[in-house]
Amino acid sequence: DCAISAWCNQDGYEAYCAAHQETCPEPWCTRSGSASPSPPPTPPPTPPPTPPPAPPPSPGPSTGTCIMQRDCAISAWCNQDGYEAYCAAHQETCPEPWCTRSGSASPSPPPTPPPTPPPTPPPAPPPSPGPSTGTCIMQRDCAISAW
């Protein structure tokens, strides 16, 4: 309706819609002969992030001061800043492999690493408009698209 929108006669939209026959993007385009616009797609729910595992306490009696584990064969975090303070703050539990007790007779074996969470799936492609019942043309109903 050109009385409502000056965009109703835009040749650019005719060409745009003609070039997008497969997706026919609404609200700028519509299928000729289509009864009503399709509702917007519902985004898939976002799964909550997996919380990191709680560090296990050291087995055996607590002897020595809890310090950062600097043996890189035992801890992949052996060179990371901040573990000195972390281990000092966890004297009671001294969580391995990040920390160890000073004066320990022998290092404990490295723990089994936690499982790696699966990657976040890519967003779902937009739903197809259903059976193609016409040619993709410019949407001229201004109640649906002001463009």
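Where is the place of S102? I found S102 in the loop between strand 3 (99-101) and strand 4 (136-138), taking helices (H or I, at least four residues) and strands (E, at least two) as DSSP runs numbered from the N terminus.

Before going on I noted that this is a predicted model, in which local features need pLDDT of at least 70 and side-chain atom pairs count only at pLDDT 80 or more, whereas totals for chains, interfaces and linings use all residues. Residues are numbered from 1 along each chain as its sequence is written, and side-chain values use heavy atoms, with hydrogens and water left out.

I then looked up the exposure of S102, which is partly exposed at a relative accessible area of 28%; buried means under 20%, exposed over 50% and partly exposed in between, with a 1.4 Å probe and protein chains only. Leaving aside neighbours within four places in sequence, S102 is in contact (heavy atoms within 4.5 Å) with T63, G64, T65 and I67. From S102 to M68 the C-alpha distance is 9.1 Å, across 34 residues of sequence.

Returning to C99, I listed its contacts beyond four places in sequence as C66, I67, M68, Q69, Y86, C87 and C94.

Next I turned to the loop between strand 2 and helix 2, where A76 is found. A76 is exposed, with a relative accessible area of 65%, and its C-alpha atom is 8.2 Å from that of W98, 22 residues apart along the chain.

How many salt bridges does the structure hold? I found 1, a salt bridge being a side-chain nitrogen of Lys or Arg within 4 Å of a carboxyl oxygen of Asp or Glu. The partners are R70 and E84, at 2.3 Å from N to O; R70 sits in the loop between strand 2 and helix 2 and E84 in helix 2, 14 residues apart.

Last, I checked R31 in strand 1 (residues 29-31), which is buried at 9% relative accessible area. A polar atom of the R31 side chain lies 2.6 Å from the backbone oxygen of Q21.

Definitions and conventions: Polar contact = N/O pair within 3.5 Å; in protein donor to acceptor, adjacent residues only side chain to side chain.
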